[in-house]
Amino acid sequence: MNTAYKTTAPSSQLNTLEDTRVGVIGISNNHMFKDSLDPRVKSTLCEYEIFFSPYDATELTDILQHYADLVFRDGTIDEGVIQLCAARAAQEQGDAREALDLLETAGNIARKHDADQVTKAHVEEAGSRVEEQRVLTIVREQLTSQMKLALLATAFLNIDDEASPRAKNIYQVYENICDVCGYEPRSKRRVNDFLDSIRLYGLLERDERNLGRAGGRSYIHTLEVSPELVFEGLKQDQDGSESTLERYDLVPDPDEAQQARLMSYV
């Protein structure tokens, strides 16, 4: 909310509304968010929408070149590196921060290898590093404690060939995990909300399937990222300390993720 007062108004008049203007600015990546508003709110909103398009490769190249001139020494970036970083970011979401992270990571990789220049090969290697770091950051810093419990339950059911990551099964495993580490389990509806929130981060995919007369229709939740990354992220909290799930030995080692079985941990 942005409230502006006339600077010429005496302090005794600041409590009145005659010289006050109130403006509300809403920022969202969801262009359909207004559909969820109360009809009474929408009827009086009188909004003015401004859409910001993603950066294209040319714009990202200019941005990267500006920062590269400030950070990198002359001659340390090979020809085509900046353009490659810009092209990769433009193909994804057109995010300048993503492009900058890619260039920075490529530079760190080159420095680690004592290379004279940052090359396209370093950019290719950095691409997977940036994606892995994004997943770890989301798991450690963006998910709530309850979301992490739901994600761990889903991960167990995804790596166990004898299990099915149905919503019903996820909730059963989630309850068992809560019982082990002392968390108060939430309702099935709230856990479904947790799974929906995790899905918005790009970690899960939900598919509605008909499981026949015996199973009926059910939601199947599958991991969109490797279970190794999920387990690595769940082992630590945001500050780098050991997580509660790790203290209770509920998180398999990432190197042993494919050999882990549901009943071994819950």
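Reply: Buried means under 20% relative accessible area, exposed means over 50%, and partly exposed lies in between, with a 1.4 Å probe and protein chains only. This is a predicted model, in which local features need pLDDT of at least 70 and side-chain atom pairs count only at pLDDT 80 or more, whereas totals for chains, interfaces and linings use all residues. Residues are numbered from 1 along each chain as its sequence is written, and side-chain values use heavy atoms, with hydrogens and water left out.

Me: Why is F156 called buried?

Reply: The relative accessible area of F156 is 0%. The limit for the term is under 20%, and F156 is therefore buried.

Me: What makes F156 and F231 an aromatic pair, and why is the pair called tilted?

Reply: Rings of Phe, Tyr and Trp (its six-membered ring) pair if their centres lie within 6.5 Å; planes under 30 degrees apart count as stacked, over 60 as edge-to-face and the rest as tilted. The structure holds two aromatic pairs. In the pair of F156 and F231, the ring centres are 6.1 Å apart and the planes stand at 45°, so the pair is tilted. F156 belongs to helix α6 (residues 145-159) and F231 to helix α10 (residues 227-234), so the pair ties together parts that are 75 residues apart in sequence. F231 also counts as buried, because its relative accessibility is 0%.

Me: Why is the pair of Y171 and Y174 called tilted?

Reply: The ring centres of Y171 and Y174 are 5.7 Å apart and the planes are at 35°, so this pair is tilted. Y171 and Y174 both lie in helix α7 (residues 167-181), three residues apart, which is about one turn of the helix. Helices here are DSSP runs of H or I with at least four residues, strands are runs of E with at least two, and both are numbered from the N terminus. Y171 has 10% relative accessibility and therefore counts as buried; Y174, at 0%, counts as buried.

Me: How do you know that R134 and E131 form a salt bridge?

Reply: A salt bridge is a side-chain nitrogen of Lys or Arg within 4 Å of a carboxyl oxygen of Asp or Glu. For R134 and E131 the N to O distance is 2.9 Å, and their side chains meet in a salt bridge. Being three residues apart in helix α5, R134 and E131 are separated by about one helical turn. R134 has a relative accessible area of 34% and is therefore partly exposed; E131, at 37%, counts as partly exposed.

Me: What makes D237 and K148 a salt bridge?

Reply: The side chains of D237 and K148 meet at 3.9 Å, N to O, and the limit is within 4 Å. D237 lies in the loop between α10 and α11 (244-247) and K148 in helix α6, so the pair ties together parts that are 89 residues apart in sequence. At 25% relative accessibility D237 counts as partly exposed, whereas K148 is buried at 13%.

Me: How many salt bridges does a search of the whole structure find, and which residues are linked in a network?

Reply: The search finds eleven salt bridges. D196, R199 and R206 are linked in a network of them. Another salt bridge joins K235 and E246, whose closest N and O atoms are 2.8 Å apart.

Me: How do you know that R206 lies over the face of Y219?

Reply: A charge sits over a ring if NZ of Lys or CZ of Arg is within 6 Å of the ring centre and within 35 degrees of the ring normal. R206 is at 4.3 Å from the ring centre of Y219 and lies over its face.

Me: Why is H221 called buried, and which residues does H221 touch?

Reply: H221 has 3% relative accessibility and therefore counts as buried. H221 lies in strand β4 (residues 217-223). Contact means heavy atoms within 4.5 Å. Not counting residues up to four places away in sequence, H221 touches several residues, including T154, N158, E205 and R206.

Me: Is Y48 buried or exposed?

Reply: Y48 has a relative accessible area of 73% and is therefore exposed. Y48 is found in the loop between α1 (39-45) and α2 (57-71).
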